[in-house]
Amino acid sequence: MKITHEYTNATEAVDKILKHAVQLQASDIHIDPRPEHIYLRFRIDGNIEDGGLITKDIHKELIAKLKILSGVRTDIHAIPQDGRWRTEVSGQTYNIRISFMPTYHGENAVMRLLPAHIKEYASFAQLGFIPDHVQLIDNALKRAHGLILVTGPTGSGKTTTLHSCLSSKAAEPISIITLEDPVEYEIPGVRQVHIHHTHGVTFAAGLRSALRQDPDVIMVGEIRDQETAQVAIHTALTGHLVLSTLHTNSAIEAIPRLIDMGVDPYLLASTLSLVIAQRLIRNVCGQCDAVGCDTCRGTGYKGRSVIVEAFEPDQGMRDLIANREPTSAYLEYARSHGFRTMFDDGMEKVEWGVTTHVEVVDSLLS
């Protein structure tokens, strides 16, 4: 039987929902109206978990309160709206991103909780990268120019990996600029630019402008189109270190994806320094060893880490890219030179007791 939460007013509801989400270490809060109740749900370690019910009579007041806090129109109910605000919860400051969506039973709201300040970014080892992969990343970051790509679907931790890369570079006496949509975490010592598509500030346009800011390192939040891909490649060719993300299922697939976007294979072969593909997996709970306990709320899992595959093109791989060989040729060559897939990495972590076989398979199929 679901727990029903009763609040005296919307202000109390918002305060208690946010506090509960922080206690659960949730990344997202879903407020989902149904015929007789509001369903409250939390995303924890990547999975949606039930948060109980809220009485329906507070729905309109709750949505109005959230709209006021996030600075969006309270008189608009038939179209989606996005907003954000900053607040303190349990002694820590959070940036809250919120999306409102009209549904059959009323407006739905989804909030994302982002710590406003991160004192120290996790090391690659803490994120779950094995020593071989950490060495590849360190080698690529030491270069003065080139293109580093992190690939994977939405929610696979790409931004966290890139921010850890930038955090390690920020201590150096260099100029770093990021182009992000949106800026999620503040990185001390880094100039961070929020992309505004409605004002014509696209990734490609922002990248061109960033080049006039005398940068050494540029992070482009995502390569989505031909124009951004080509500008990123030329930026890497002209003596800059460029970091970005790409939506592909594997590291090897980044090569044909960029070529399909119109990138010249010869230029790609000359600039590509490192490709990382990753997925997030849930870690086995250290208190109950996947049996289920109060610490993990009966799930058997607590916290997340990555499974990874990565390759650093050598001359042989660069020749294959320049000759526009089929994807199978890249994979065969990489395999023959010690390349390990995400599945290989995951199975090793299963042997170490970090996660489970089911979790690895599910992460790769999602």
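**Figure 1. Two aromatic pairs are present in this predicted model.** Phenylalanine 124 and phenylalanine 129 make up an edge-to-face pair, with 5.7 Å centre to centre and 80 degrees between the planes. Phenylalanine 124 and phenylalanine 129 are both buried.

**Figure 2. Phenylalanine 311 and phenylalanine 339 form an edge-to-face pair.** The planes of these two rings stand at 75 degrees and their centres are 6.5 Å apart, so the pair is classed as edge-to-face. Phenylalanine 311 belongs to strand β14 (residues 301-311), while phenylalanine 339 sits in the loop between α11 (327-336) and α12 (342-351), so the pair ties together parts 28 residues apart in sequence. Phenylalanine 311 has 6% relative accessibility and therefore counts as buried. Phenylalanine 339, at 7% relative accessibility, also counts as buried.

**Figure 3. The largest nonpolar core contains 43 residues.** Residues with the most contacts inside this core include Leu149, Ile255, Leu272, Phe311 and Met317. Helix α7 (residues 226-237) gives the most to the core, with five residues. Another core, of 30 residues, lies apart from it; among its members are Ala13, Ala21, Ile98 and Met111.

**Figure 4. Surroundings of leucine 272.** Leaving aside residues up to four places away in sequence, leucine 272 touches Leu147, Leu149, Ile255, Phe311, Pro313, Arg318 and Ile321. Leucine 272 is also one of the residues with the most contacts inside the largest nonpolar core.

Methods. Residues numbered from 1 in each chain as written. Predicted model: local features only at pLDDT ≥ 70, side-chain atom pairs only at ≥ 80, totals over all residues. Heavy atoms only, no water. Core = buried A, V, L, I, M, F, W, Y, C linked by side-chain atoms within 4.5 Å. Buried < 20%, exposed > 50% of the residue type's maximum accessible area, 1.4 Å probe, protein only. Helix = DSSP H or I, 4+ residues; strand = E, 2+ residues; numbered from the N terminus. Contact = heavy atoms within 4.5 Å. Phe/Tyr/Trp six-rings, centres within 6.5 Å; stacked < 30°, edge-to-face > 60°.
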